[in-house]
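Below are my notes, written as numbered points to read alongside the model.

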Amino acid sequence: MRETAGERWGRRIVLTLLTLFVVIPLYVMVTSAAKPLQDVQNGFTWWPSRPTLQPFIDMWSTVPLARYLVNSLVVSSIAAVCSVAVAIFAAFAVSRYRFRGRGVFSVTVLSTQMFPGILFLLPLFLIYVNLGNATGIELYASRTGLIITYLTFSLPFSIWMLVGYFDSIPRGLDEAAQVDGAGPLRTLFQVILPAAVPGVVAVTVYAFMTAWGEVLFASVMTDEGSRTLAVGLQGYSTQFNVYWNQIMAASLVVSIPVVVGFLALQRYFVAGLTAGAVK
C-alpha cells in the first residue's frame, strides 16, 4: 500500500516532535555545562553568555567523582559478567533438557520480576548486617555486597531472556554435535553460544545498564568509599548551594562510555531482544 500525503506528513511531524523531545534536553545539558554557575542560577538562556570549560575541571574536586566512576565500572561490569555466566548455564538446562521441577523453576524465575525491588531492600540489609556481625564477612557498604544485590534482580531476567533465545536455535545443531561426539558442555560452548552471540550481548548490556543506573539499593547499601555514580552525583547539591553546571558536566562525562558502548553493540542488542521475544 502506498503512503498517502497525509500519512507522510503525519509521520514527519511525529518524528520531528520525538526528535525535539530528545534533543532539547541534551542541548540544555550541554549548554548548562558550559556556563558559569551564576549564569545557570539566573534566568534561562539558550546560549552561554560566557562559555567556559571550568565546570568540567571543578567537578572532579567538588566530589570524588573518579572514585564513584571506578566503583560504578567495577560493580556494573562484574555484576553483568556474573549474571550472564550463570544465566547461560541455567538457560541452556531449561531450554534443552526436561527435568522434574523445570516448570516450577521457570515460573519462579519469571515471577520474581513481578515484585518491586523495594520489597527486597530491608531483607537484604538485615542479612548483610547480621552476616557481618556473625562471621565478619562485610557485605554491607562494600562492592561485593552491591554486586550480589544486583544479581538478585538482573539474573532472573537474564535467564528468562536467554531461555527464549536458546529456544529459537534449532535443536538439529545439538544433534549434529552429538553425532560428532560432543558432550553437553562442548555443545554449549562450540555450537550454541556462537549462534547466540546477539542474545548474550543483549543480556550483558541489560545487566550492565541495570546496575549502572540503579539508585535505590546503592543509596542504602553503600557508604562514602563504595558509593556509585548514580548516588554520588547527589554530592553536587549541598546545604548552601547546588552546582548545576558541574552536575550537567559530570552527567555528560560519565555518560560517554555507556553511550559509546551501547552504539557499538546496538545491532547485537536489537537482534538479541527481537529473537528472544519470539519463539
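1. How many positive and how many negative side chains does the protein chain have, and how far apart do the centres of the two sets lie? In this predicted model, the count is 17 positive and 12 negative side chains. The centres of these two sets are 7 Å apart.

2. On to the fold. The protein chain is built with 14 helices and 0 strands.

3. Next, overall dimensions. The radius of gyration of the protein chain is 23 Å, whereas a compact globule of 279 residues would come out near 19 Å. The C-alpha trace spans about 70 × 70 × 30 Å along its principal axes.

4. A word on burial and surface. Of the 279 residues, 35% count as buried. The protein chain exposes about 16,000 Å², and 70% of that area is supplied by carbon and sulfur atoms.

5. Contacts are worth a look too. Taking the contacts in the protein chain with a separation of 6 or more, 76% come from residues 24 or more positions apart.

6. Where do Tyr150 and Phe153 lie? Both are in helix α7 (residues 143-167), 3 residues apart, which is about one turn of the helix. Tyr150 is buried, at a relative accessible area of 1%. Phe153 has 21% relative accessibility and counts as partly exposed, because buried requires a value under 20%.

7. Helix α7 holds another pair, Phe157 and Trp160, again 3 residues apart, or about one turn of the helix. Their ring centres lie 5.8 Å apart with the planes at 50°, so this pair is tilted. Trp160 counts as partly exposed, with 43% relative accessibility.

Definitions and conventions: Residues numbered from 1 in each chain as written. Predicted model: local features only at pLDDT ≥ 70, side-chain atom pairs only at ≥ 80, totals over all residues. Heavy atoms only, no water. Helix = DSSP H or I, 4+ residues; strand = E, 2+ residues; numbered from the N terminus. Rg over C-alpha atoms; globule rule 2.2 N^0.38 Å. Buried < 20%, exposed > 50% of the residue type's maximum accessible area, 1.4 Å probe, protein only. Contact = heavy atoms within 4.5 Å. Areas by Shrake-Rupley, 256 points an atom, 1.4 Å probe, with all protein chains shown as cover. Lys, Arg positive; Asp, Glu negative; His and termini not counted. Charge placed at Lys NZ, Arg CZ, Asp CG, Glu CD. Phe/Tyr/Trp six-rings, centres within 6.5 Å; stacked < 30°, edge-to-face > 60°.
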